[in-house]
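Subject: Handover of a structure

Dear colleague,

Please find the structure below, handed over for your use. My findings follow directly after it.

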Amino acid sequence: MFDNGQRKIKILFLLISILVLVVFILFFSCASTLPRRFATPEQKKIAARAEKKALERGRKIYFNTELGSNGRSCHSCHPAGEMTNAQSYPRYKHILKTMATISITHNFAVVNESMGEPWILGSEDANAIALYVQFLANGKPLRMAGPNNIRDEWIARGKFLFKDTGLGTNGKSCESCHIQSGSKSKTDGHIAPALKGVTAVYPQYSFDHHRVITLEQRINSCITKKQNGTELLLNDEKIVALYCYLASISKNFLMSVARIDNTDLD
Ligand code: HEC
Ligand code: HEC
């Protein structure tokens, strides 16, 4: 039997253990949502390794002549990324009669140019090929192409949605956290990063998803997790419009996805 003193010590020990555990869990769950630029060197390595793997997966898809039924790979028609122009997206596609992100365009390409099956948007393959084609455009300045009036209309729509509390249920808009139209960061219990230039650095490894995600998925995460909203389809016009707005504030930033250097991989 324990005497009173021993029991108190035991209870105290138990309480301290629980406290330590809670602090640990809180620390890691916060750390896991931090954007890349706040990552520790160890997390940067995890991200770099995952991006390298996804890039390799994307390269294999790009060179695969068995994607569809006509024996053509993306590389057959676009050697070294010729004519893929990822830096000019989102872009109005006359043939689709809508504004399209690079991922939406790839689905059109695989079906109509390689006679293959479309990818599920957000899947590992879809994101790998998006990462690879964006990678081929690295170093080029971002500039959305297409008919000016349509492009400007979509940017205005995205800008409106950025300030709209209707995407969620907690009364917040993107602007509540990503203040000054996304150009300034703010500490609001969280660190909401400035979003200028963000379209140049996605697809990117996400510590939340534990894999490479597209910007469409990142926007969806904020809608569901930060605004308590309903998850949208990745080709939903609202997501594409928000993407257009973010691309407009990222104009002239140089494409720079999967900037893996060897120090990240050690
Ligand atoms: C049979 C040849 C062929 C194959 C195979 C092919 N493409 Fe294309 N692709 C084209 C042509 C031609 C265009 C230009 C069409 C146009 O003017 O919009 C194009 C356009 C594109 C564009 C849009 C470029 C822009 O300026 O907006 C992207 C992105 C693209 N292809 C990616 C791919 C990917 C990824 C694959 C592999 C899944 C692929 N293509 C396979 C011929 C091909
Ligand atoms: C309640 C605050 C909040 C709201 C509302 C919010 N975000 Fe975020 N957002 C954040 C935080 C904090 C991060 C940093 C990563 C994290 O903690 O998840 C972030 C990260 C991002 C990123 C990734 C930035 C990077 O550098 O990788 C994008 C893109 C983004 N948000 C877009 C949006 C869009 C678009 C909306 C509106 C649909 C929105 N956010 C709404 C807080 C918010």
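Helix H9 (residues 215-226) packs against helix H10 (residues 237-248) at an angle of about 105°, and their axes lie 10 Å apart. Helices here are DSSP runs of H or I with at least four residues, strands are runs of E with at least two, and both are numbered from the N terminus. Axes are lines fitted to C-alpha atoms, for helices over the stretch in contact, and angles run from 0 to 180 degrees between N-to-C directions. H9 is therefore roughly perpendicular to H10 (65 to 115 degrees; under 35 counts as roughly parallel, over 145 as roughly antiparallel and the rest as oblique). Leu215, Glu216, Ile219 and Asn220 of H9 make the contact with Ile239, Leu242 and Tyr243 of H10 (C-beta atoms, placed from the backbone, within 7 Å). Five of the residues in this contact are nonpolar, one is polar and one is charged. Nonpolar means Ala, Val, Leu, Ile, Met, Phe, Trp, Tyr, Cys and Pro, charged means Asp, Glu, Lys and Arg, and the others, Gly among them, are polar.

The model is predicted: local features need pLDDT of at least 70, side-chain atom pairs count only at pLDDT 80 or more, and totals for chains, interfaces and linings use all residues. Residues are numbered from 1 along each chain as its sequence is written, while chains are lettered from A and ligands numbered from 1 in the order in which they are written.

The buried residues of H9 are Leu215, Glu216, Gln217, Arg218, Ile219, Asn220 and Ile223 (20 or more other C-beta atoms within 10 Å of a residue's own, all placed from the backbone; exposed is 12 or fewer, partly exposed in between). They pack against H4, strand S6 (211-213) and H10. Just after H9, Asn228 has a positive phi of about 50°.

H4 and H5 also pack at an angle of about 105°, with 10 Å between their axes. The two are therefore roughly perpendicular to each other. Here Ile102, Ser103 and His106 in H4 meet Ala126, Ile129, Ala130, Val133 and Gln134 in H5. This contact comprises five nonpolar, three polar and no charged residues.

Ligand 1 is surrounded by 18 residues, the closest being Arg72, Cys74, Cys77, Ala109 and Glu113 (near means a C-beta atom, placed from the backbone, within 6 Å). Helices H3 (74-77), H4 (102-112) and H5 (124-136) each give two or more residues to this shell, and H4 gives the most, with four. By class, the shell has eight nonpolar, seven polar and three charged residues.

Yours sincerely

Note on methods:
Two residues are in contact if their C-beta atoms, placed from the backbone, lie within 7 Å.
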